[in-house]
Amino acid sequence: MAFSPSHRFALVPLLVLGAVGCGDDEPGTPAKPSVAVTIPFEARVGGEPFACGQRYTGLGTTKTAYEPQDFRLYVHDVRLVSDTGQEVPVDLTPDGRWQAEGVALLDFADKKGLCSNGTAETFTQLVGTVPEGTYRGLRFRLGVPFALNHQDVSTAPAPFNDPILFWGWRTGYLFVRIDGRTTGLPGGYFMHLGSTDCAPPPAGQTSGTAGCDFPNRPEVSLETFTPGQGKVVVDLAALLADANLDLNAEVPNTSLGCMSQKEDPDCTPVFHRMGLSLDKQTPAPAAQSFIRAE
């Protein structure tokens with residue numbers, strides 16, 4: 001699909017004095033103008049729209065009932081794929097609330113029902129600019145990049161300033177936070193994704209020199225996404241399809257549900273759905289299987 005000012009879709013050429021060039025332009029060739037792009041996201045539970053205050057049935061291996069408590073995730077490294085297969089970065093527009101420093105916080109949970117965390121407002125789209133062109137796919141990573149992942153949440157700007165999305169005990173952000181109450185676990189089934197086995201300060205987490213053994217930033221590649229026409233669907237039922245949401249594995253020092261502990265067998269089916277492995281010996285699945293394009 002070609003981006004042009006006359007096209008009906010929501011990519012609008014920026015009114016700038018100097019055009020922003022594409023990095024692959026040959027020297028001396030005119031720079032490609034930038035256009036605005038909006039990438040909509042929609043949370044679902046199988047065939048139903050996700051909403052706090054609703055009760056869903058038939059989830060996981062036990063086909064349990066599920067009541068949402070939270071549903072938020074960070075994304076970064078957003079790229080559109082051109083008709084020639086080239087990855088073109090999307091420059092996310094800072095807005096002082098949901099997007100900053102190339103990272104966006106997608107928030108599908110308002111304050112209804114059991115969703116007491118976060119805010120009543122939601123944010124369900126990525127907003128940015130790309131060079132004008134023809135694009136046929138979308139790629140991004142879940143999570144917060146390492147350089148931003150271990151900052152002081154008490155002084156960080158939005159969207160990095162919510163302590164509910166920060167692991168004090170791991171000194172890093174929850175890349176994905178999906179909480180809900182089930183029939184068998186009325187106290188809550190918690191799915192928290194984040195980096196683990198990180199080098200302790202000052203050698204690693206605060207200085208950015210060492211990194212984490214398990215970064216846990218899955219790549220999402222949607223090769224059939226059409227900007228201006230398609231949407232990105234984040235399917236909670238697909239993520240939890242192979243998990244027992246009614247019973248927590250009796251393994252010492254592991255959490256209810258999955259909080260990215262490699263010792264926790266409850267994490268295995270959920271991690272596989274995200275295209276991740278819990279250890280370095282087990283190959284990760286070829287791709288994630290809970291986010292899709294429509």
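Ala, Val, Leu, Ile, Met, Phe, Trp, Tyr, Cys and Pro count here as nonpolar, Asp, Glu, Lys and Arg as charged, and the others, Gly among them, as polar. The model is predicted: local features need pLDDT of at least 70 and side-chain atom pairs pLDDT 80 or more, while totals for chains, interfaces and linings use all residues. Residues are numbered from 1 along each chain as its sequence is written, and side-chain values use heavy atoms, with hydrogens and water left out.

**View 1. Lining of the second largest pocket**. A pocket is an open set of points on a 1 Å grid over the protein atoms alone, with protein on both sides within 12 Å along at least five of seven lines; lining residues have an atom within 4 Å of a point. The lining comprises 4 nonpolar, 3 polar and 4 charged residues. Among them are Arg 72, Arg 97, Trp 98, Asp 107 and Asp 162. The pocket holds about 160 Å³, a volume being the space filled by probe spheres set on the points.

**View 2. Strand β8 (residues 103-107)**. Strands are DSSP runs (E, at least two residues), numbered from the N terminus.

**View 3. Pairing of β8 with β4 and β7**. Strands pair if DSSP finds at least two bridges between them. Strand β4 (residues 64-82) runs antiparallel to β8 and is joined to it by 5 bridges; Val 75 stands opposite Ala 104. Strand β7 (residues 99-100) is also antiparallel to β8, with 2 bridges, and Ala 100 has Val 103 as its bridge partner. In the β7–β8 hairpin, 2 residues lie between the strands, and Glu 101 in the turn has a positive phi of about 55°.

Conventions:
On a 1 Å grid over the protein atoms alone, a cavity is a set of points where a 1.4 Å probe fits but cannot get out, and a pocket is an open set with protein on both sides within 12 Å along at least five of seven lines; lining residues have an atom within 4 Å of a point. Buried means under 20% relative accessible area, exposed over 50%, partly exposed in between (1.4 Å probe, protein chains only). Helices (H or I, at least four residues) and strands (E, at least two) are DSSP runs, numbered from the N terminus.
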